Amino acid sequence: RRMSPHEPNMLRDGPGMTPLRRFGVVLALVVLLLDQVSKLWLLFGARLAEEGPFQITSFLEFVLAWNRGISYGLFQQSTDIGRWALVAVSFLAPIWLGRWMWRSPDRLTVASLALIIGGAIGNGIDRAVFGAVVDFVHVHFGSFSWYIFNIADAAIVVGVAGLLYESFRPGGGKPAAE
């Protein structure tokens, strides 16, 4: 049987792969890759643990902080049970978010969810491998010091902001995943 040019190519696109879904998957993978490469370079290339912090600008430096909790250092875990519970959440949440992303027809929703998924998996890998998340970006202005974060954290924050924006814009608040 010859395929119509309008039918999806299952060998090329996979079942149900659309350009929007492909965009989401690629964006999540880019976030994950940037996050993991930056952390590995800082740990093993720049040897941040051995060499100590280094100044990037007058308000930005790279320092090493091991976060045993979740965003903003909440829910710090000092036991293996706590650590592995956070690892499980780090990998189960992206599955649920991925289902939502897969069903969404909205580009902003897909992009926002992809950022969160890539970031969650990146931090989950850290928890599984190192027992804590590698945080390194420290922003400060005079005596004001912002929390220390990483690329995954920044992607998650931008993704959540995108979902919040979408929920408040006219026509936004469409039902989420079923």
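**Briefing on the predicted model**

Phe-149 counts as buried because its relative accessibility is 16%, where buried means under 20% relative accessible area, exposed over 50% and partly exposed in between (1.4 Å probe, protein chains only). The structure is a predicted model, in which local features need pLDDT of at least 70 and side-chain atom pairs count only at pLDDT 80 or more, while totals for chains, interfaces and linings use all residues. Residues are numbered from 1 along each chain as its sequence is written, and side-chain values use heavy atoms, with hydrogens and water left out.

**Overall architecture**

- The protein has 6 helices and 4 strands; helices (H or I, at least four residues) and strands (E, at least two) are DSSP runs, numbered from the N terminus.
- Read from the N terminus, the order of elements is α-α-α-β-β-α-α-β-β-α.
- Of the 178 residues in the protein, 40% are buried.
- Among contacts with a separation of 6 or more, 65% are between residues 24 or more positions apart; a contact means heavy atoms within 4.5 Å.
- The accessible surface comes to about 10,700 Å², and carbon and sulfur atoms account for 69% of that surface. Accessible areas come from the Shrake-Rupley method with a 1.4 Å probe, and for residues only the protein chains shown count as cover.

**Aromatic residues**

- The structure contains 8 aromatic pairs; rings of Phe, Tyr and Trp (its six-membered ring) pair if their centres lie within 6.5 Å, with planes under 30 degrees apart counted as stacked, over 60 as edge-to-face and the rest as tilted.
- One of these pairs is formed by Phe-144 and Trp-146, a tilted arrangement with 6.1 Å centre to centre and 35° between the planes.
- Tyr-147 and Phe-149 also make a tilted pair, because their ring centres are 5.5 Å apart and their planes stand at 45°.
- Ring pairs connect Phe-144, Trp-146, Tyr-147 and Phe-149 into a cluster.
- Elsewhere, Arg-107 lies over the face of Phe-23, at 4.1 Å from the ring centre; a charge sits over a ring if NZ of Lys or CZ of Arg is within 6 Å of the ring centre and within 35 degrees of the ring normal.

- Helix α2 (residues 19-45) has 27 residues and reaches 36 Å from its first C-alpha to its last, close to the 39 Å expected at 1.5 Å a residue. The expected span of a helix is 1.5 Å times one less than its number of residues.
- The buried residues of α2 include Asp-35, Gln-36 and Lys-39, as well as Leu-20, Val-31 and Leu-42.
- An α-helix has 3.6 residues a turn, so residues three or four places apart point the same way.
- Arg-47 follows α2 and lies in the loop between α2 and α3 (48-51).
- Phi of Arg-47 is near 50°, a positive value in a residue other than glycine.
- Arg-47 is partly exposed, with a relative accessible area of 40%.

- Thr-109 belongs to helix α5 (residues 107-130) and is buried, with a relative accessible area of 3%.
- Not counting residues up to four places away in sequence, Thr-109 touches Trp-100, Ser-104, Leu-163 and Glu-166.
- Ala-111, also in helix α5, counts as buried at 15% relative accessibility.
- Ala-111 touches Phe-23 and Leu-27, again not counting residues up to four places away in sequence.
- Asn-123 lies in helix α5 and counts as buried at 6% relative accessibility.
- The side chain of Asn-123 makes a polar contact of 3.1 Å with the side chain of Lys-39 and one of 2.9 Å with that of Asp-153. A polar contact is a pair of N or O atoms within 3.5 Å; within protein, one must be able to donate a hydrogen and the other to accept it, and residues adjacent in sequence count only if both atoms are side-chain atoms.

**Helix α6**

- The 18 residues of helix α6 (residues 151-168) should span 26 Å at 1.5 Å a residue, and the end C-alpha atoms are 26 Å apart, which agrees.
- The buried residues of α6 include Asp-153, Leu-163 and Glu-166.
- At the start of α6, a side-chain oxygen of Asn-150 reaches to within 2.9 Å of the backbone nitrogen of Ala-152.
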